[in-house]
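Biologist: I would like to go through the labels one by one. Please give me the value and the cut-off each time.

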Amino acid sequence: MKKPATPTRSTIRPSDLTFGLSTCRRCLWIFYWFKVSAPLTMPLVSTLADQQETLFQGAKLRDIDPSLGDGTITKWGQFINSAKIKVNGEETRWRFYGKYDVLGENSDGSLAIIDCKVSDNDRDSGAFYAPQLEAYAYSLENPAVGEGKKVSTMGLLVWSPKSADLTGFKVEQKYVPVERNPEKLQSLLADLLSVLEGDLPVAGADCNLCNYLIERANLEIN
C-alpha cells in the first residue's frame, strides 16, 4: 500500500484518542490517509443523544448533579475546531475537529463540558473517556478562530438501562466527574501522531474488521 503525499484529512476526531488507539491502529491509519472506514450501524445513538441534549438545554448545572458548581448549560451539539495542535511545544499539521454534547458556563466564567452516554458498559468511566473530553477542552481553550476560554469542569452523564415494564425501558442516570489531565493528552497525542505519520501499522489483535478480512482472504485462497 503506497502512502499518499498528504493525508486525506488533517483533523483529528477526539474519539480516536479513546476508541481509535485502543482498537486498531491499522484501521485508524487507513482512515486518515485514505478516508476509508467500515460502515457503522448505530440507529438509536443519534436519537438518544438528541433527547439528552434537548432535555438539558438551559438546565442548571446543580440540577444535573449536586457536585457541579453554580452555572447553566448554554450550548449543545456544537462542533469545535482547534488551532493546530502542539505536541511538546512543536506545532503539527493536525487539528481537532468534533462535536460535543453539552457545554455549560460556570459562575466564574469558565466552561464545563459534559459528554452524554447511553450504556451499561463498565468502561464508561472517567478514565476511559478523559482523553476525548480533554481534546474538547484543548479545542475550546485553543480555538482555530477567536479567543479561547478556560475549561475547569469535565464529566460524563450516563444513562444505564436498568429495567422495563409495560410503559417502556427505565434508565438510571449518573454523573461521572472527569479530572483534567493535559499531560496525559500530550502523551496520547505523541503516540497517535507517531502512528499517523508512520507507515502502515499491523492490524489490532482484537479488531473485528481486520480479523474478518483475514479470515475471508484465507477462505478465498483455499
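Modeller: What follows is a short exchange on a predicted model.

Biologist: Why is Val-158 called buried?

Modeller: Its relative accessible area is 2%. Buried means under 20%. Val-158 is therefore buried.

Biologist: Which strand holds Val-158?

Modeller: Val-158 lies in β9, residues 151–165.

Biologist: What makes β9 and β10 a pair?

Modeller: Pairing needs at least two bridges. Eleven bridges join β9 to β10, residues 168–178, so the two strands pair. They run antiparallel. A hairpin connects them through two residues.

Biologist: Which residue of β10 stands opposite Val-158?

Modeller: Lys-174 stands there. Lys-174 is also among the contacts of Val-158 beyond four places in sequence.

Biologist: What makes those residues contacts of Val-158?

Modeller: The test is heavy atoms within 4.5 Å. Lys-117, Ser-119, Glu-172, Gln-173, Lys-174 and Val-176 are in contact with Val-158, leaving aside neighbours within four places.

Biologist: How far apart are the C-alpha atoms of Val-158 and Phe-56?

Modeller: They are separated by 13 Å. Along the chain, the two residues are 102 residues apart.

Biologist: Now Leu-213. Why is Leu-213 called partly exposed?

Modeller: Its relative accessibility is 47%. Buried is under 20%, exposed is over 50%, and partly exposed is in between. The value for Leu-213 falls in between, so the label is partly exposed.

How values were computed
Residues numbered from 1 in each chain as written. Predicted model: local features only at pLDDT ≥ 70, side-chain atom pairs only at ≥ 80, totals over all residues. Heavy atoms only, no water. Helix = DSSP H or I, 4+ residues; strand = E, 2+ residues; numbered from the N terminus. Buried < 20%, exposed > 50% of the residue type's maximum accessible area, 1.4 Å probe, protein only.
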